[in-house]
Amino acid sequence: LDSMQVATVAAANTLLCSAAATCTGTALSATLLGGFHLPDTHNSLLGGLVAITAGCAYLDSYSALGVGVVSAFVTKLFSHTLIRFQIDDPLDAFAVHGGNGALGLLAVGFLASEGRTDTDNQSDFGVLLGGDGHLLGAQLIGLLVIVTWTGFISIVAFSVLHSSKYLGEYLTETTGRPGWQEFLSLRVPRDYELLGLDALFYDGTDGELSTSQINMKSLMDAAVRRIAAKKQARGKRKAIKASTSRKDSDDESGTVEGAQNRGTLDDSLHGADANLRQARERA
């Protein structure tokens, strides 16, 4: 293929894959969530564009459609996996770019068309289309190198950011000027998260809270207090159940003290029943 044909194939495959991913992702959302979810549709579209990037010039049109369908499932799978393990990724960046980037690399090794790859090895095309696996091995090595390099850099970067919060606390205490901790920390304070950084810093108020923001903050604080109260109530109920279980265990041990406790409890119950009957008769 000449350069113009390569560009045409790349453009067509990009459109086909992204369209297939968008339709599949929309159908998945409608099936799993019971209705259409626009962010899922957007992420499916982006995931399809990412998945076809590596192989846009090397795949046939039907392969591009297949990669688009699979990429929608990959996006949804990675997104739900992160939520399941409580990993903070509100934009589904890893699902869209990480999962589908890996899919795109592997798709070249599985589905690259014969004669499309510019190598000396005539068998360098997809193993599902009759290739010898050499291209797939090269793609796997590339994926491993990318994951290793990205993981190493991420660990170093996030470790430095996590440790910098202590520097922010020190500068805040020594200079007496607030803001260092927020500037140097990996995460902003919890109150800032609740209010939203856009509303807090980028609405032209220079950090001054409006009446609506203050009211919203009060509502969120009340919600947090209710959640804490419910957790405390559940903890008390568990403690009462545990105490009751221990008491029952002691009563069943056959000790004299257990027998006395059972006798006392039976007397109390009989007395309560008698009082209740007397109250009903008087009524």
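Residues are numbered from 1 along each chain as its sequence is written. In this predicted model, local features need pLDDT of at least 70 and side-chain atom pairs count only at pLDDT 80 or more, while totals for chains, interfaces and linings use all residues.

**Exercise 1.** Determine which helix holds Arg-226, a member of a patch of positive charge.

*Solution.* Step 1: the surface patch of positive charge gathers Arg-225, Arg-226, Lys-230, Lys-231, Arg-234, Arg-237, Lys-238 and Lys-241. Such a patch is made of residues with over 30% relative accessible area and no salt bridge, like charges being joined within 9 Å. Accessible areas come from the Shrake-Rupley method with a 1.4 Å probe; a salt bridge is a side-chain nitrogen of Lys or Arg within 4 Å of a carboxyl oxygen of Asp or Glu.
Step 1: Arg-226 belongs to helix 9 (residues 211-251), helices being DSSP runs (H or I) of at least four residues.

**Exercise 2.** Identify the helix that gives the most to the lining of the largest pocket.

*Solution.* Step 1: the volume of the largest pocket is about 240 Å³.
Step 1: among its 14 lining residues, Phe-94, Gly-98, Ile-146, Val-147 and Thr-150 are the closest to the centre.
Step 2: helix 4 (93-111) and helix 5 (134-175) each supply at least two lining residues, and helix 4 gives the most, with seven.

**Exercise 3.** Find the helix with the largest share of the lining of the largest cavity.

*Solution.* Step 1: the largest cavity has a volume of about 60 Å³.
Step 1: its lining includes Gly-25, Asp-40 and Lys-76.
Step 2: helix 3 contributes the largest share, four residues.

**Terms.** On a 1 Å grid over the protein atoms alone, a cavity is a set of points where a 1.4 Å probe fits but cannot get out, and a pocket is an open set with protein on both sides within 12 Å along at least five of seven lines; lining residues have an atom within 4 Å of a point.

Notes. Heavy atoms only, no water. Patch = residues over 30% accessible without salt bridge, like charges linked within 9 Å, V, L, I, M, F, W, Y side chains within 5 Å. Lys, Arg positive; Asp, Glu negative; His and termini not counted. Charge placed at Lys NZ, Arg CZ, Asp CG, Glu CD. Points joined across faces, edges and corners; volume = space filled by probe spheres on them.
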